[in-house]
Amino acid sequence: MAAAAAGLSWRRVSSFTGPVPRSRHGHRAVAIRELLIIFGGGNEGIADELHVYNTVTNQWFLPAVRGDIPPGCAAHGFVCDGTRILVFGGMVEYGRYSNDLYELQASRWLWKKVKPQAPSNGSPPCPRLGHSFSLYGNKCYLFGGLANESEDSNNNVPRYLNDFYELELQHGSGVVGWSIPVTKGILPSPRESHTAIVYCRKDVGSPKMYIFGGMCGCRLNDLWELDIETMTWSRPETKGTVPLPRSLHTANVIGNKMYVFGGWVPQSAGGEISAPDGEWKCTGSFSYLNLDTTEWIGLISDCQEDKSNLLPGPRAGHCAVAVGTRLYIWSGRDGYRKAWNNQVCCKDLWYLDTERPLAPSQVQLIRATTNSFQLKWDEVPTVEGYLLQLHADSPVPPVAGIPGAGIPETSVLSSQGGCSLHQSPQSLPSVPYPEMKVDHPSQTNNLIPNNVQVALSSSSKVEGKEKVAAPENKVTQETMKNHADATGFKESNAPSLLPVCTSSAQTSANVGELHDLDKQSINPDASVSCTVSSSQTMVTQQAVKTESSSTNGAVVKDETSLTTFNSKSEAAETAYVMPSTRVSTEQTNDSHSSRAPQRPSAPVKTRDRRWYDVGIFKNNSAVVNQFYLLPEETLNINSKTEGADVPDYRLLKKQDLFPGTVYRFRVAAINGCGVGPFSKISEFKTCIPGFPGAPSTVKITKSVDCIHLSWEPPASPSGNILEYSAYLAIRSTQLQENPSQLVFMRIYCGLKTSCIVTAAQLSNAHVDYTSRPAIVFRISAKNERGYGPATQVRWLQ
């Protein structure tokens with residue numbers, strides 16, 4: 001098949017829930033994040049409902065719309081600007097067309113009829129159907145369509161249009177008015193049921209609108225280009241085989257390609273344009289135009305017969321929507337049965353992945369134990385699963401479970417405890433989209449055993465997560481010094497660097513409501529993760545005296561410690577072979593002598609550099625306590641490359657994780673095109689028994705002149721908790737020199753599970769812009785063994 005030769009893998013969605021809309025044609029659809037929003041169309045009457053399909057949960061639903069609800073229409077203009085949708089014109093009943101303009105605020109499912117000003121140099125657009133309505137920036141571009149010359153709707157006298165209008169939008173809601181741009185060049189010929197897309201090349205900043213095909217008494221296959229900056233029309237020269245003349249097709253831009261699917265085409269391929277009374281048929285042909293080179297590439301031919309149901313059937317008047325790099329097609333009519341005197345509409349929903357998925361974010365740690373990790377990573381849209389791999393960065397400990405094995409005894413980093421407790425995000429009443437708690441992987445681990453096709457419905461959608469590189473760091477000699485503060489406690493056991501913790505706002509479009517995307521929350525959204533990095537990172541610590549600050553009349557004196565944090569360098573992340581020793585070349589002999597004897601470094605063998613599969617997971621989280629050992633004859637230095645076949649895990653042996661061992665992780669997403677590139681590498685260490693877990697359930701409450709920070713004790717204290725320390729990320733010249741370096745100041749030390757952060761302290765806070773602006777706090781607990789890992793929260797600003 002041509003489709004197979006082109007590497008296409010169409011998938012038909014076979015299982016979905018909710019009220020499935022009746023099949024139709026002439027409808028329109030747009031995408032807001034993972035939601036397909038479909039309106040209008042006709043089949044035994046014009047539809048007036050608004051249907052929404054969640055591509056992640058495979059669920060159809062009918063939102064409770066309100067306001068100036070428009071009548072049903074077909075062959076209308078339908079564009080999406082953020083979370084608002086604009087509807088213009090269309091057929092409201094046979095022979096009667098509209099030129100009304102409606103706006104839907106999808107964040108509230110609120111319809112509003114809007115009345116744009118008439119153009120200063122002419123009349124507003126007349127009622128029409130089959131026009132194109134394209135959005136670029138804050139303007140919509142209307143071209144062509146079909147009008148009824150007769151005032152009597154029962155006496156339909158068609159008039160094909162090639163007028164061109166510009167509609168200026170107001171920010172957020174409402175419109176300014178219509179204008180008739182003065183254009184250069186020759187205007188495209190009149191037509192309806194054509195397509196129009198807007199594309200802007202990355203290397204050339206001038207946006208272009210492309211019009212293809214349509215109907216003007218006969219079908220067309222001409223391509224027109226409009227330079228939006230100069231308002232100049234032209235006919236670009238194309239290479240390759242131009243698709244057959246067609247109308248009622250779809251065109252969608254993904255990357256630098258315009259994908260054209262379906263429509264009405266000539267029954268015979270002879271001649272570029274058939275006579276008006278020629279024979280026509282629906283087609284399932286599929287092509288794309290490379291918009292950078294203007295070359296047509298055919299993917300599925302017009303004459304191709306597919307009886308295996310591996311491709312979408314022929315259709316016209318369907319809708320096609322791009323969600324990321326995935327193309328969805330739904331319904332449309334597949335022909336006209338004269339004997340029945342009615343149209344036959346398809347009921348199927350298909351999707352096609354047009355490119356391999358992007359690399360996920362670095363793997364993040366939610367929880368670690370002595371022999372397992374609970375991991376997560378940012379979800380990649382429209383994927384079917386994730387391939388997770390690891391390798392041990394140091395030799396397996398000779399004696400499992402001995403505290404401090406391979407770790408400097410005087411090192412007081414959280415890597416000794418090396419484990420952290422998961423903390424779900426707090427309730428966020430005003431955040432964009434309804435918030436969801438972090439999904440805890442089930443005991444089955446969401447594992448897909450044998451690289452089977454992953455059902456789309458098994459995916460989970462998570463948006464807006466933070467990408468955090470989170471290393472374990474080494475301590476300089478200065479860290480080993482004992483710093484006494486005003487209360488007399490020694491600083492030597494304080495965590496000189498608290499592990500970075502993931503903080504991710506997990507969002508999903510609920511069935512009933514879609515909140516505004518621009519709103520911010522002042523509440524923390526946090527889940528905990530501690531990470532270990534390579535030997536390239538360095539921590540310095542010094543005692544810094546701060547001015548006393550007053551809160552509510554009480555003077556609080558505080559000695560703070562500054563901690564710097566370096567994220568792992570690019571070189572360290574791409575290096576597959578790292579020495580197992582954790583000793584920095586910058587440390588002095590005194591620093592070496594103060595350490596406990598280390599486990600000798602084993603020679604780095606080829607086997608130690610190999611990546612092993614943990615498995616394929618349906619969701620963006622995993623509980624890891626084993627990995628698969630590949631047969632010796634299949635091993636090589638890069639045992640898994642992008643797109644490589646996944647082995648049959650049933651045939652492989654499993655290896656358990658060891659305590660106190662550093663493991664490196666990477667993850668790749670899988671879609672219909674195969675396995676995508678791997679993420680950057682993260683390192684985590686299994687726990688050594690005896691250290692406390694991380695505090696949990698952090699809450700932040702704002703007052704007039706301060707904030708209240710509170711938390712709950714670790715679920716696994718491993719003894720009596722002696723004290724807690726809370727830290728605030730602050731502005732620093734070091735941070736200006738190295739934006740990936742966070743500097744933390746201790747703002748609290750004591751037995752209480754709460755503290756007050758003053759306005760003076762907050763005025764010195766660093767605002768982290770790695771994703772949404774936030775102030776970063778860390779909290780850790782100490783027992784007789786020392787400080788365990790920290791909980792990190794991001795307080796959204």
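Trainee: Which residues do ring pairs link into a cluster?

Mentor: This is a predicted model, in which local features need pLDDT of at least 70, side-chain atom pairs count only at pLDDT 80 or more, and totals for chains, interfaces and linings use all residues. Residues are numbered from 1 along each chain as its sequence is written, and side-chain values use heavy atoms, with hydrogens and water left out. Rings of Phe, Tyr and Trp (its six-membered ring) pair if their centres lie within 6.5 Å, and the planes make a pair stacked (under 30 degrees apart), edge-to-face (over 60) or tilted (the rest). The cluster linked in this way consists of Trp10, Tyr259, Phe261, Phe286 and Tyr288.

Trainee: What is the angle between the planes of Tyr612 and Phe627?

Mentor: The structure holds 27 aromatic pairs. Tyr612 and Phe627 form a tilted one, 5.4 Å centre to centre. Their planes stand at 45°.

Trainee: How many residues apart are Tyr612 and Phe627?

Mentor: Tyr612 lies in strand S40 (residues 612-617) and Phe627 in strand S42 (residues 626-629), and their pair links distant parts of the chain. Strands here are DSSP E runs of at least two residues and helices are H or I runs of at least four, both numbered from the N terminus.

Trainee: Are Tyr612 and Phe627 buried or exposed?

Mentor: Buried means under 20% relative accessible area and exposed over 50%, with partly exposed in between (1.4 Å probe, protein chains only). By that cut-off, both Tyr612 and Phe627 are buried.

Trainee: How many residues apart are Tyr628 and Tyr649?

Mentor: Tyr628 and Tyr649 form a stacked pair, with 4.5 Å between the centres and 20° between the planes. Tyr628 is in strand S42, whereas Tyr649 sits in the loop between S42 and strand S43 (653-656). Both Tyr628 and Tyr649 are buried. Their separation in the chain is 21 residues.

Trainee: Which residue lies over the face of Phe678?

Mentor: A charge sits over a ring if NZ of Lys or CZ of Arg is within 6 Å of the ring centre and within 35 degrees of the ring normal. One such case is Arg235 over the face of Trp224, at 5.0 Å from the ring centre. Over Phe678, at 3.9 Å from the ring centre, lies Arg666.

Trainee: On to the sheets. What is the order of the five strands in the open sheet with mixed pairing?

Mentor: Two strands pair if DSSP finds at least two bridges between them. In this sheet the order is S6-S10-S9-S8-S7. The edge strands, each pairing on one side only, are S6 (66-67) and S7.

Trainee: Which residue in S8 is the bridge partner of Phe78?

Mentor: Strands S7 (residues 77-81) and S8 pair in the antiparallel sense over five bridges. Asp81 stands opposite Arg84 in S8. The bridge partner of Phe78 is Val87.

Trainee: How many bridges join S8 and strand S9?

Mentor: S8 and S9 form a hairpin with two residues between them, and Gly95 in that turn has a positive phi of about 80°. Leu86 stands opposite Glu103 in S9. The antiparallel pairing of S8 with S9 (residues 96-105) runs over a number of bridges that comes to eight.

Trainee: How many residues of strand S8 are buried?

Mentor: S8 covers residues 84-93 and is mostly covered. Out of its 10 residues, the number buried is eight.

Trainee: What is the relative accessible area of Asn148?

Mentor: Asn148 lies in strand S12 (residues 139-148). Leaving aside neighbours within four places in sequence, Asn148 is in contact (heavy atoms within 4.5 Å) with Gly95, Tyr97, Ser153, Asn155, Asn156 and Val157. Asn148 counts as buried because its relative accessible area is 16%.

Trainee: Which residue in S41 is the bridge partner of Phe373?

Mentor: S30, S31 and S41 make an open sheet of three strands in the order S30-S31-S41, with antiparallel pairing. Its edge strands are S30 (364-368) and S41 (621-624). S31 (residues 373-376) pairs with S41 over four bridges. Across that pairing, the partner of Phe373 is Val624.

Trainee: What share of the 797 residues of the protein is buried?

Mentor: The secondary structure comes to six helices and 54 strands. Of the residues in the protein, the share that counts as buried is 57%.
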